[in-house]
Amino acid sequence: MKRPLGVISFLLAAAFSVVAVFVNSLPPDEFIINGFQATVVIAKLLSTLAIAFLAYGLYLFTTRLINTQFADRRRQHDIKNIVQLVFIVFALVSAFAIITEQWVGLLVSLGVVGFAITFALQQPLFSFIGWFYIMVKRPYQVGDRVAIEGSKGDVVAVDFFVTTLWEINGELVSSNQPSGRIITLPNSVVLSSHVYNYSWEEFPHVWNELSIQVAFETDLDFAESLLVDVADDYLGDEMANSIANYREKLAETPVELEVRDRPTVNIKQEESWVDLRLRYLTQPRQGQRVKNDLYKRILTAFNEHPDRIMFPLGRNR
């Protein structure tokens, strides 16, 4: 936010207020607009503009303060949304009150109108409730990688009514890579659909698997040990630190689960080969890069031992 824009808003609010007071002090004239004197109508319009510019200036000043007080962009985004809602409500209520000059009647009217809107605008209302749910329960927030109703991507914005994702995979690319497309989802989906969060704040990691196919003649114990050594050398320490954090979170739940802090290998027999599946922990956005690096390292290590590790023939695959 540029500081001059906020200052200009405050100056305009002050100017419109002064002019409104001046117009309201003028003697009654003969011009009537919808049963009201022209000076009264003009004064109300000027006062409404003053309220609008005042609310906008306060919003700009508050958002600038938020940017300086909170370094976390996720927290900045959420607080700005709440502040924006507060100032919108403040501006609307103040403007209507100035126009009608009846605060009590306005509140009653708002109650009646709100009751009618509940039936007329159910989907937007559900989306707004969904936004409130997202702010309180935190199924996801800006920056998370999520999957919702068949859509998968990185959350770039959570507004009052919609969530915006930067799509990954989709119809254009694979391997968890960005497609360049934007997905817009109503916030109401969180109330009725599964939400998969791949990078929630307390544990931003996922387990991945890398599959290597070898022949039946392979020394499986040696191949398994070599797989673990290569993976452990590449990401073992980082994985161990992450697993320690995961165990702390797991201890807070009634779930009893054995979690290994180093890469492991699962073995599956296929019709004409043996499938070695390396299991390891990584960050969601680095999954494909880590997999590519591991493939190169593993194949290099396997090719150094052709007498002990053999690959299935092409005709059997």
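Start by selecting Asp219 and Arg308: they form a salt bridge, with their closest N and O atoms 2.8 Å apart. Keep in mind as you look that this is a predicted model. Asp219 sits in the loop between E8 and H6, while Arg308 is in the segment after H7, so this pair ties together parts that are 89 residues apart in sequence.

Next, go to helix H7 and pick Arg289 and Asp293, which lie 4 residues apart, about one turn of the helix. They form a salt bridge too, and here the closest N and O atoms are 3.8 Å apart. Arg289 has a relative accessible area of 45%, so it is partly exposed; Asp293, with 23%, is partly exposed as well.

One more pair: Lys268 and Glu270 form a salt bridge with closest N and O atoms 4.0 Å apart. The count for the model comes to 9 salt bridges.

In soluble globular proteins, nonpolar side chains tend to be buried together. The largest nonpolar core here has 28 residues, and those touching the most other members are Leu278, Tyr280, Leu294, Ile298 and Phe302. H6 gives the most, with 11 residues.

Zoom in on Phe302. Leaving out residues up to four places away in sequence, Phe302 touches Ile212, Val214, Ala223, Leu226, Leu227, Ile309 and Phe311. Apart from this core lies another, of 15 residues, including Val142, Ile148, Leu165 and Leu185.

Then jump to Tyr196, in strand E7 (residues 195–197). Beyond its neighbours within four places in sequence, Tyr196 is in contact with Arg145, Val146 and Ala147.

Last stop, the surface: select Phe10, Leu54, Phe61, Leu65 and Phe90, which make a nonpolar patch of about 420 Å². Helix H2 (residues 38–69) supplies the largest share, 3 residues. Leu54 is in helix H2, and at 31% relative accessibility Leu54 counts as partly exposed.

Definitions and conventions. Residues numbered from 1 in each chain as written. Predicted model: local features only at pLDDT ≥ 70, side-chain atom pairs only at ≥ 80, totals over all residues. Heavy atoms only, no water. Patch = residues over 30% accessible without salt bridge, like charges linked within 9 Å, V, L, I, M, F, W, Y side chains within 5 Å. Areas by Shrake-Rupley, 256 points an atom, 1.4 Å probe, with all protein chains shown as cover. Salt bridge = Lys/Arg side-chain N within 4 Å of Asp/Glu carboxyl O. Helix = DSSP H or I, 4+ residues; strand = E, 2+ residues; numbered from the N terminus. Buried < 20%, exposed > 50% of the residue type's maximum accessible area, 1.4 Å probe, protein only. Contact = heavy atoms within 4.5 Å. Core = buried A, V, L, I, M, F, W, Y, C linked by side-chain atoms within 4.5 Å.
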